[in-house]
Amino acid sequence: MDFRFTPEQEDFRREFTAWLARNLPDGWDAGRYYFHLPPEELNSLHRDLQKRLQAAGYAGMHYPKEYGGQGRNLAEEIIVLETLAANCLELRLPGLISFGMAGPTLLFCGSEEQKRDFLPRLLDGTHVWCQGFSEPNAGSDVVNVSTRAVKEGDHYLINGQKTWTSYAHMADYCLLLARTDLRAAKHKGLSYFLLDMKTPGVEVRPIRQITGGADFNEVFLQDVKVPERLRVEPEGQGWRVALTTLMFERAVGDAILAQEFLRLNRVMIEMARTTRRSGRPIIEDPVFRQDLARLHVEALVLKYHGYRGLSQLLSGGVPGPEGSIGKLLWSEHQVRAGEAAMRMLGQYGQLLDGSPWTVQSGTWPFVFLLAKGSVIAGGTSEIQRNIIAERVLGLPKESVRSARQ
């Protein structure tokens, strides 16, 4: 496969890179990692940047014009997303569900009314979305969702609880998976809804993370009324729609996250050049140089794995279970990056932002702690390995292997 972009596309990359440099917040430095931004400021900066992107014709490059997009192609969309990830992924975090899940799901599975109502406001930053899949007893095993949706006239009455809901505290809408048929097989009894987070009966409770932040939330639903028109596809099709959501998240997300990791690697290399340990710069230690090289190679592997999936999309295909390979690559890479940085820093790795002796504003203790959840969020590493074994390599299912043993 030839993953190179055309000369015209590279010209477009340079054009957009120059525009972005002029439109980032004052004082923004892509050589830093702004993990400490307060949620309210992050939300405001995200929405402002998205409005600027829309006004300049860079939002939704491959979305049809009738839905607020630019009517161009997916390759140019990837160029925009890669450039943003390489310079300011933090500003995109509140919109990760919006653009990685909600947009593709609505575009491929939404009704005409849903596309016209929601996609323009998603693309201009008016709406931020969150994802209501995981529950206290249904995390990686999404098919066990127990949140209940009961049809009453022209609406559904929904009761249940969701957890680990990223950015629910700042979201306007939620992609909600709920059970509409208790008698059907688990995966056939689910339906998919678009939930207005301001609906009476919706309660969001932040979950304090090990990093000290609270980007995750619990969401409680008590007698929440959702109009029938906000159900995506017919009843019982929720599992199929959910798989569409997850597969597109994987396919597009891998190439984008690779750019963020390459940026993070550059920040780590700068840390190793400017921080001394045992009287000499960290980067002179051959063991740590090996760590830096390995992390760079891993980020490139993720990048080209993502490009492989994107090539399939560009040729008219749909994402497949190979997306689990990318999830495994990026989540475990983040763990190794955090651990490598902490080994390099030694005792300095205990210092968070605020200490006069902290290194790079405490970026690396934060990355180290954040990565502990990466191998759980979006499906645990164990689940991903099972998917790869069974659906990519064609190995026997776990139950069969266990019985043979």
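## Helices α4 and α5

In this predicted model, helix α4 covers residues 96-109 and helix α5 covers residues 112-123. Their axes come within 10 Å and cross at roughly 155 degrees. Angles over 145 degrees count as roughly antiparallel, so that is how α4 sits relative to α5. As for the hand of the crossing, α4 goes past α5 in a left-handed way.

Which residues do the touching? On the α4 side you'll find S98, F99, A102, G103, L106 and L107. Facing them from α5 are Q114, K115, F118, L119, L122 and L123. Sort the residues of this contact by type and you get 8 nonpolar, 3 polar and 1 charged.

## Helices α1 and α2

Next up is the pairing of α1 (residues 7-23) with α2 (39-56). Here the axes come within 12 Å, and the crossing angle is roughly 140 degrees. That angle makes α1 oblique to α2. This crossing is right-handed.

From α1, the contact uses F16, W19, L20 and N23. From α2, L49, R52, L53 and A56 take part. By type, the residues of the α1 contact with α2 split into 6 nonpolar, 1 polar and 1 charged.

## The cavity

How many cavities of 30 Å³ or more turn up? The count is 1. The largest cavity holds about 60 Å³ of space.

Its lining is made up of Q50, L53, Y58, A59, G60, E77, V80, L81, L84, R92, F99 and L123.

Which helix gives the most to the lining? That's α3, with 5 residues. Helix α3 spans 74-92, and both α2 and α3 supply at least two lining residues each.

## Where the pieces meet

Some residues turn up in more than one of these places. Take L53: on α2, L53 is part of the contact with α1, and L53 also lines the largest cavity. F99 is another one to click on, as F99 of α4 touches α5 and is listed in the cavity lining too. L123 of α5 belongs to the contact with α4, and L123 is likewise among the lining residues.

Terms used: Residues numbered from 1 in each chain as written. Predicted model: local features only at pLDDT ≥ 70, side-chain atom pairs only at ≥ 80, totals over all residues. Heavy atoms only, no water. Axes fitted to C-alpha atoms, helices over the stretch in contact; angles between N-to-C directions. Helix = DSSP H or I, 4+ residues; strand = E, 2+ residues; numbered from the N terminus. Parallel < 35°, antiparallel > 145°, perpendicular 65-115°, else oblique. Left-handed = near helix turned anticlockwise from the far one by under 90°. Contact = heavy atoms within 4.5 Å. Nonpolar A, V, L, I, M, F, W, Y, C, P; charged D, E, K, R; others polar. 1 Å grid on protein atoms, 1.4 Å probe; cavity = no way out; pocket = protein on both sides within 12 Å on 5 of 7 lines; lining within 4 Å. Points joined across faces, edges and corners; volume = space filled by probe spheres on them.
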